[in-house]
Amino acid sequence: MHMRSPTRSRGWWPTLLATVALLAALAAAVGVSAASAESPSSSEKLILRAGWTNDPDNLNPFIGYESSSYEVWRLNYSLLTGWDAKTLEPKPELAESWEVSDDGLTWTFKIRQDATWHDGKPVTAKDVAWTYNTIIEEELSAFTLYTEFIERVETPDDYTAVFVCSQPKANMLGLWIPILPEHVWADLTPEERAETFVNEPPLIGSGPFQVVEWKKGEYVRMEANKDYFGGAPTLDEVIFQTYQNNDTMAQDVKAGSLDAAWNIPPAQVEPLDALDDITAHGYTPIGMDELGFNCYEGEASLGHPVLRDAAFRQALNYAVDKEQVKKIAYSGFGIPGLSIIQPDKYTDPDWHWQPPEPYAFDLEKAKSELDAAGYSDGDGDGIREYEGEPISLRLYARSESPESQKAGKLITGWFEQIGLDIKYEVIDDGILGDKQFNYNDDDEFAPDFDMFIWGWGGDIDPNFILSIFTTDQIESWSDCNWSNAEYDELFKEQQRTIEPQERKQIIDRMQEIWYEETPYIILQYPDNFEAYNTAKWTGWVRSPADNGAVWYTATAFDSYLNLKPNTATAAEDGGSNTGLIIGIVVAAVVVLGVIVWVILRRRPKATEED
């Protein structure tokens with residue numbers, strides 16, 4: 001900003017000196033800044049800042065359920081076996097090798113001898129045995145779906161874990177169970193482990209990073225484990241920052257204050273990917289988004305009784321236009337859903353079952369099906385009745401998910417058109433979870449909801465996603481509380497069927513039963529969207545290699561271990577900054593010359609001064 005001098009008696013020389021000083025200071029400041037960019041201090045920490053909109057709910061692996069909690073546990077703890085990032089095949093992790101007996105009932109794992117806990121104590125087979133045996137004996141439901149058929153784990157020596165099974169176990173190399181340190185967890189009571197222990201930082205694990213700080217709703221900070229048995233990470237810290245708005249998060253990636261972001265808005269993918277220093281893309285993870293129903297048969301249930309009727313739920317399938325849900329709620333991305341296992345995700349075999357006659361959107365068909373099931377509008381007020389009372393159903397969408405909110409509005413409109421009174425509300429994950437796992441004053445399970453929109457992520461093996469619909473998982477992983485005896489038996493049978501094609505036939509029948517009963521309506525196999533800085537960092541690893549994510553999935557683990565500063569970019573930046581300095585200096589000289597010429601030319605003559 002230029003100012004008119006208040007008095008001419010001060011002349012032009014002080015102005016010239018001030019201008020020179022200002023330009024010199026500017027050049028010097030830019031030079032220092034450029035020098036700092038070219039030669040970062042060796043004492044500076046290498047910190048990866050990653051953004052998400054889904055805050056961890058609990059750091060106790062026996063209690064938490066949010067995907068962000070699992071991302072933290074994956075880095076803080078080790079699994080018995082992991083997955084190859086590119087092929088998704090099982091690979092050694094805490095177990096360096098394994099063998100199985102001819103009858104498939106005994107698995108022997110050799111535990112690495114160079115693994116230590118974050119507090120320096122050695123990891124042994126006894127920690128593996130304690131983790132599994134405790135889950136089995138105390139029926140810790142967060143992981144019992146993985147321990148089916150495992151009777152016990154024995155330790156003939158400190159580095160051998162022998163799993164004794166009652167039946168062959170098809171998913172033995174795909175168990176997502178973090179190995180916990182016995183010396184930290186053994187002194188807790190079963191109730192503390194399952195219900196009250198919050199596992200405050202620092203978390204003692206054996207993974208490549210350690211949670212050292214957690215401020216709920218704001219961030220999780222993890223420090224690198226430089227003694228990690230898989231090799232010390234180059235990164236010094238990973239900070240997961242929680243955002244309330246994914247547009248703001250995307251802008252922070254663009255500005256360079258955030259290195260990676262998960263769940264960016266679809267509209268931001270192309271603009272971010274067009275930038276030289278950012279890569280952004282969508283990918284379809286293992287998982288689904290669904291409209292879920294409260295199917296619980298217990299007397300204490302607070303859900304509407306009509307939702308226990310499979311015929312009522314089947315009719316609602318005809319009142320959901322999944323193409324419109326994809327177009328409006330998901331901005332045209334993803335795949336409209338059918339069964340609980342998505343297509344084109346698994347190979348050799350493909351576990352997806354395709355319904356021969358999928359439900360099609362047809363509001364008139366939905367009305368006629370409801371009429372046939374006995375849910376008519378007897379008084380002509382536009383609302384169907386159950387036992388003489390209007391059918392009014394609560395529908396919950398999640399504040400953390402704009403997609404669920406848009407889908408909820410669409411579904412509300414369609415369900416109202418077929419004669420249902422819908423009370424639509426947006427609530428956060430925590431409140432919805434409390435409603436799904438509500439207990440009354442008599443400590444009876446009393447799920448307090450009718451319908452909800454949420455989603456699931458899956459494992460490499462289909463066992464997990466199948467397990468959440470078993471009767472055993474009611475009051476645990478099951479959020480719809482559906483129960484079917486044939487499905488339960490088939491679930492056990494597929495687990496002990498080792499031959500893949502035979503197992504697929506069983507899983508196909510499970511999906512058929514599930515589809516007919518409709519405890520969910522699968523809305524989408526949604527795309528997720530991520531962005532990450534490829535100018536600042538090198539070593540991002542997509543999992544699977546051709547179309548996967550670089551982080552925030554069970555298998556996208558290698559990025560954290562491989563990331564390094566992009567030295568080539570730094571060198572290029574250094575050259576650019578040097579040129580910038582020269583340019584600024586030249587510009588300063590030119591500007592200075594112009595100012596001198598203008599001032600001299602405008603200098604008042606003696607006669608004017610007189």
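Hi everyone, let's start with the sheet: seven strands, open, with mixed pairing, in the order E8-E9-E10-E1-E11-E21-E12. Its edges are E8 (209–215) and E12 (278–283), each of which pairs on one side only. Averaged over the sheet and ignoring direction, neighbouring strands are turned by 15 degrees against each other.

A word on the ground rules. This is a predicted model, where local features need pLDDT of at least 70, side-chain atom pairs count only at pLDDT 80 or more, and totals for chains, interfaces and linings use all residues. Residues are numbered from 1 along each chain as its sequence is written, and side-chain values use heavy atoms, with hydrogens and water left out. Strands (E, at least two residues) and helices (H or I, at least four) are DSSP runs numbered from the N terminus; two strands pair if DSSP finds at least two bridges between them. Angles run from 0 to 180 degrees between N-to-C directions of axes fitted to C-alpha atoms, for helices over the stretch in contact, and contact means heavy atoms within 4.5 Å.

Now, E11 (260–262) and E21 (528–533) pair antiparallel over three bridges, and Trp-262 has Glu-530 in E21 as its bridge partner. Helix H6 (246–255) packs on the sheet, touching E1, E11, E12 and E21, at about 160 degrees to E11.

Is His-281 buried or exposed? At 10% relative accessibility it counts as buried, the cut-off being under 20% relative accessible area with a 1.4 Å probe, protein chains only. Among the residues His-281 touches are Val-269, Phe-529 and Arg-542. Thanks, everyone!

Terms used:
Buried < 20%, exposed > 50% of the residue type's maximum accessible area, 1.4 Å probe, protein only. Lists of a residue's contacts leave out its neighbours within four places in sequence.
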